[in-house]
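Me: Please take a close look at one part of this structure. Then carry on to the parts that can be described in the same terms.

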Amino acid sequence: MTLRVLASSELADMQPLLDDLRRETGIRLEMEYQGTVEAAASLASGTYRHDLAWLSSSRPFQLLLKKHGRQTESPLSTSTMRSPVVVGMKPEVAQRLRRTAPDGQLSWADLADAAAAGTLKYAMADPRTANSGLSALVGVATAAAATGGALRPEDVSCDRLRGFFAGHALAEDSSSGLVDAYARGEDGLDALITYESELLALNRAGTLRTPLEIVYPKDGIVLSDYPLMLLDPAARDAYDRLTAWLRSEPVQRKIMESTLRRPITPDLARIPSLRAPLGNALYFPDSQAVVDRLLADYAGARSGGPARVLFLLDFSTSMRGERIANLRATIDGLSGADDSRSGKFTRFHRGETLTVLRFGGRVLDERSVTYTKAADLDRLRGFVAGDGFAAGTAIWSALDRAYRTAAGAVAKDPRQRVSIVLMTDGENNAGMDLDAFLGRYAALPPAARAVRTYTVRYGDADPRELDRAARATGGHMVDATEQSLLNAFKEIRGCHE
């Protein structure tokens with residue numbers, strides 16, 4: 001009997017076992033390979049051209065069914081084997097990163113921090129087509145959210161992965177294609193993010209000049225269970241025989257030994273390379289909206305459009321003393337000094353242009369750096385370290401000036417993702433009022449009006465005006481009177497669109 005199967009591309013390594021299947025059961029599988037995410041999208045229409053689907057994970061498919069209101073039509077599904085999405089890292093790179101980890105265990109946050117700093121270049125499959133890439137994306141985003149649960153829409157309202165994406169140097173449409181591409185270009189890369197089984201197989205093949213050390217991020221991994229799904233109910237008898245054969249102890253052992261995937265059977269002794277504990281398993285999102293937002297952020301990062309943030313900072317005389325010290329500590333934290341998990345996901349990243357406009361009763365100065373090396377961040381901190389305070393607080397005249405700068409930036413490069421962060425500790429008492437600013441803002445070209453302002457209320461600033469201005473531009477206000485200034489700035493990092 002022949003069954004047509006829509007399968008994830010990495011399952012091509014199962015062919016020798018499928019030959020055994022035909023000899024032992026008379027069932028022949030005619031495999032058509034696609035990327036898992038791409039295959040899930042084709043299945044979500046509900047019109048099936050195959051008898052079975054055998055994907056690395058059914059979760060992308062299930063989310064699409066739920067989105068289209070067909071969650072009750074989910075096909076019968078049986079898990080057949082397991083493999084987590086983890087990180088293969090050159091040993092010297094892993095050793096270097098571990099020296100800065102308090103407990104010597106690496107996390108997704110550590111990888112994001114190193115990628116943002118330009119010291120980690122990695123390969124990862126495109127999450128828009130490949131489950132390994134999507135699983136990695138979910139893993140990193142879940143670690144960034146730090147909620148302990150499945151990602152919610154509010155957890156991805158701002159792009160916390162921009163720094164992580166800065167290190168993404170190689171992408172392919174499938175995990176198998178990615179592994180081949182990594183082997184060809186390993187000298188220019190530090191790590192490969194994919195299935196544990198593919199990393200083990202790559203090391204076993206002996207084709208790499210530098211074998212990879214497998215890192216299981218301590219903040220969790222996403223596990224694939226390779227479900228076999230019945231699409232044609234008329235094939236139920238053959239499906240039952242097939243799944244029973246795949247889950248039998250002798251076949252599970254063959255799968256483990258030949259493909260290096262973990263067996264479903266819990267009491268089957270693991271081969272030495274599969275005895276490492278997996279650690280914390282992360283929840284997959286239960287909303288397609290979350291996945292769509294993650295993929296949109298990824299697409300934005302891959303489009304090549306540079307990011308630019310304009311920091312409009314209050315240097316009125318009321319900021320002297322403790323307040324300016326807190327502001328300088330905040331800039332230090334965003335420059336890499338904050339080694340908390342959230343700090344590693346929200347720090348400045350390579351390629352980002354950072355503009356500081358200092359104002360009092362007028363704009364005092366404007367300086368920009370594009371972060372390409374550590375010295376650039378030293379220059380940025382130097383701008384903020386200056387003691388040039390001025391009487392008065394011209395908030396809205398300063399914001400108007402920031403929008404003129406932003407307008408010039410997007411006119412010069414329409415791909416730029418530009419945002420403004422306005423921090424003030426007082427009420428406007430110089431220059432134009434808020435209504436005048438909003439009138440001038442409304443007259444800007446559409447590309448400039450698309451630049452959002454995120455306001456940070458500090459000290460005695462007027463929350464109503466700051467909230468009104470932020471909302472008018474599509475941003476929002478963060479209150480730093482009941483939290484640290486650093487946490488307020490981190491809350492709006494990545495809110496470019």
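Reply: A residue is called buried under 20% relative accessible area, exposed over 50% and partly exposed in between (1.4 Å probe, protein chains only). The model is predicted, with local features needing pLDDT of at least 70 and side-chain atom pairs pLDDT 80 or more, while totals for chains, interfaces and linings use all residues. Residues are numbered from 1 along each chain as its sequence is written, and side-chain values use heavy atoms, leaving out hydrogens and water. Helices (H or I, at least four residues) and strands (E, at least two) are DSSP runs, numbered from the N terminus.

Strands count as paired if DSSP finds at least two bridges between them. β5 is joined to β8 (residues 191–195) by 5 antiparallel bridges, and Val86 has Thr194 of β8 as its bridge partner. With β9 (residues 213–215), β5 forms 3 bridges, also antiparallel; there Gly88 stands opposite Ile214.

Elsewhere, an open sheet of 6 strands runs in the order β14-β13-β12-β15-β16-β17, with mixed pairing. β14 (363–370) and β17 (477–479) each have a single partner strand, so one side of each lacks a neighbour in the sheet. On average, neighbouring strands of this sheet are turned by 15 degrees against each other, direction ignored. For such angles, axes are lines fitted to C-alpha atoms (for helices, over the stretch in contact), and values run from 0 to 180 degrees between N-to-C directions. Within the sheet, β15 (residues 417–424) and β16 (residues 452–457) run parallel and share 6 bridges. Ser419 is placed opposite Arg452 of β16.

Helix α15 (residues 374–385) touches β12 (307–314), β13 (353–359) and β14, and its direction makes about 170 degrees with that of β14. Helix α19 (residues 463–472) touches β15, β16 and β17, at about 165 degrees to β16.

α15 also packs against helix α13 (residues 322–337) at about 170 degrees, with axes 10 Å apart. That makes the two helices roughly antiparallel, since angles over 145 degrees count as such, under 35 as roughly parallel, 65 to 115 as roughly perpendicular and the rest as oblique. Leu327, Arg328, Ile331, Asp332 and Ser335 of α13 meet Leu377, Leu380, Arg381, Val384 and Ala385 of α15. By class, this contact has 6 nonpolar, 1 polar and 3 charged residues. Ala, Val, Leu, Ile, Met, Phe, Trp, Tyr, Cys and Pro count as nonpolar, Asp, Glu, Lys and Arg as charged, and the others, Gly among them, as polar.

The loop between α13 and α14 (341–346) holds Asp338, which is buried with a relative accessible area of 13%. Asp338 touches Gly333, Gly343, Lys344, Leu486 and Lys490, not counting residues up to four places away in sequence.

Key:
Contact = heavy atoms within 4.5 Å.
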